Amino acid sequence: MDILTDKKVKTRKTHVCHGCVTSYPPKTEMRYVTSIDGGEFQSAYWCQTCDEVIEKTYDYIDLQNGIGFGDVKDFDIPFWQGVHLKYQNETQ
């Protein structure tokens, strides 16, 4: 897989996070990634929660097949919820 774009953006419209399948409203800070894998172009938005969970936990997981839709939250729901709660408290 070749990463073409990897940047943090403030969204202009509603997007669904690839890692947790949660819908986020416009003006949400998310990571936007585009890539080419086997000749297939892919793009995804990642919420702050999934971005942090990936950074903290996926170092020791084999990512040869990438991360499937919703896999970040499903990997460790209690850990994901704890990180998510931190970001919810920061926005209130």
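Cys-50 is buried, with a relative accessible area of 0%. Buried means under 20% relative accessible area, exposed means over 50%, and partly exposed lies in between (1.4 Å probe, protein chains only). The model is predicted: local features need pLDDT of at least 70, side-chain atom pairs count only at pLDDT 80 or more, and totals for chains, interfaces and linings use all residues. Residues are numbered from 1 along each chain as its sequence is written, and side-chain values use heavy atoms, with hydrogens and water left out.

Start with the core around Cys-50. A nonpolar core is a set of buried Ala, Val, Leu, Ile, Met, Phe, Trp, Tyr and Cys residues joined through side-chain atoms within 4.5 Å. The largest has 16 residues, and Cys-50 and Val-72 touch the most other members. Strand 4 (29-37), strand 5 (40-46), helix 1 (48-57) and helix 3 (77-91) each supply at least two residues of this core. Helices (H or I, at least four residues) and strands (E, at least two) are DSSP runs, numbered from the N terminus. Helix 3 gives the most, with 3 residues.

Now the cysteines. The whole structure holds 0 disulfides, a disulfide being a pair of cysteine sulfur atoms within 2.5 Å. Cys-20 is in none; its nearest cysteine sulfur, that of Cys-17, is 3.7 Å away. Cys-50 is in none either, and the sulfur of Cys-17 is its nearest, at 3.7 Å.

Last, a ring and a charge. Lys-73 lies over the face of Trp-80, 4.6 Å from the ring centre. The rule asks for NZ of Lys or CZ of Arg within 6 Å of the ring centre and within 35 degrees of the ring normal. Lys-86 lies over the face of Tyr-87, at 4.8 Å.
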